[in-house]
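Student: I have a model open and would like to go through it piece by piece. Can we start with the metal site?

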Amino acid sequence: MENYQEFEGIVLSIRKHREKDALVKIFTRNHGKRMFFVKNIKNPNHSLKAALLPFTKATYLGRIKDDGLSFLQDSREITHFSKMQTDIHLNAYATYLNNLADAAINDAIQAVDLYDLLEESLVAMQNGLDPEVIVNIFEMRALQYFGAAPQLQSCVICRSQQEPFDFSVKYSGVLCQRHFGEDPRRSHANPAAVHFARIFQLVTPKQVGNIRIKPETKKAIRTFIDELYEEYVGIRLKSKSFIDQMYAWETKVEIPRRSAAAPYPKESGPSDPSRS
Ligand SMILES: [Zn+2]
């Protein structure tokens, strides 16, 4: 029988189980993803309530079972990434990162690097660093867990590190300008997007700090990483679709302006995106 032990973890998801209980998926640093059965979580005085909120990291005391559900007894050193609960954008980004981490590894597989990456990403978002950049770094670094290792650091033909590069699915890596001809179906990716994707493959969220990227470049990076994910990962997470829709909607919304000629616009709310 497994003994009680202490372990660090991040709550990935919480699912109601029967009437009063819950199944909580926790990404533990040393034991990988585990599903915990928590009895009577609806009880307002439940001792683990604060430690089992979404976007929470804690040191838990519990019993990790190698088969079936694991159990929790106690918790300490609870960190709430509170901005993820109050800011709809950060909530969407952090939910996506949790889902991506969840999809990237099987249960009970130790993945310390991925755990540290997730933790560092949540901390960086909580500290106000650009969440889009954080998400991009996470995506680039998480690719390897999906078995993908596109060679972005040097030309796949000649090993040159001289930009600009384009991406080639055929070679699963970048081509320098001299070797664009090697793949007639190269991606025609935005060179700035490839530039940042190369950097994101190598850095951690903390190292990037307050990097500023122009909105149009960000859009190109988004497109390029989406292409990589389509090619190598092929999963469509609901939380990612939600972010995409959020963008599509927000870029279409126009804030009505008041002018002297028309002091009271007929519609005071945001315009209906479906009509534009
Ligand atoms: Zn080359």
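**Metal site, then a helix**

Student: What spacing do the donors of the zinc ion follow along the chain?
Tutor: The zinc donors follow C-x2-C-x17-C-x2-H. This is a predicted model, where local features need pLDDT of at least 70, side-chain atom pairs count only at pLDDT 80 or more, and totals for chains, interfaces and linings use all residues. Residues are numbered from 1 along each chain as its sequence is written, and side-chain values use heavy atoms, with hydrogens and water left out.

Student: Which atoms coordinate the zinc ion?
Tutor: Cys155 (SG), Cys158 (SG), Cys176 (SG) and His179 (ND1), at 2.1 to 2.4 Å. Donors here are N, O and S atoms within 2.8 Å of the metal (3.2 Å for Na, K and Ca).

Student: Why is the arrangement tetrahedral?
Tutor: Because the four donor atoms subtend angles of 100 to 116° around the zinc ion; the term requires all angles between 85 and 135 degrees.

Student: Is His179 buried or exposed?
Tutor: Buried, at 14% relative accessibility. Buried means under 20% relative accessible area, exposed over 50%, partly exposed in between (1.4 Å probe, protein chains only). Cys176 is also buried, at 4%.

Student: New topic. What caps the N-terminal end of H2?
Tutor: Asp87, with a side-chain oxygen 2.7 Å from the backbone nitrogen of His89. Helices are DSSP runs (H or I, at least four residues), numbered from the N terminus.

Student: Which H2 residues are buried?
Tutor: Among them are Leu90, Tyr93, Leu97 and Leu100.

Terms used
Helices (H or I, at least four residues) and strands (E, at least two) are DSSP runs, numbered from the N terminus. A polar contact is a pair of N or O atoms within 3.5 Å; within protein, one must be able to donate a hydrogen and the other to accept it, and residues adjacent in sequence count only if both atoms are side-chain atoms. Four donors count as tetrahedral if all angles lie between 85 and 135 degrees; four count as square planar and six as octahedral if opposite donors are over 155 degrees apart and all others between 65 and 115; anything else is irregular.
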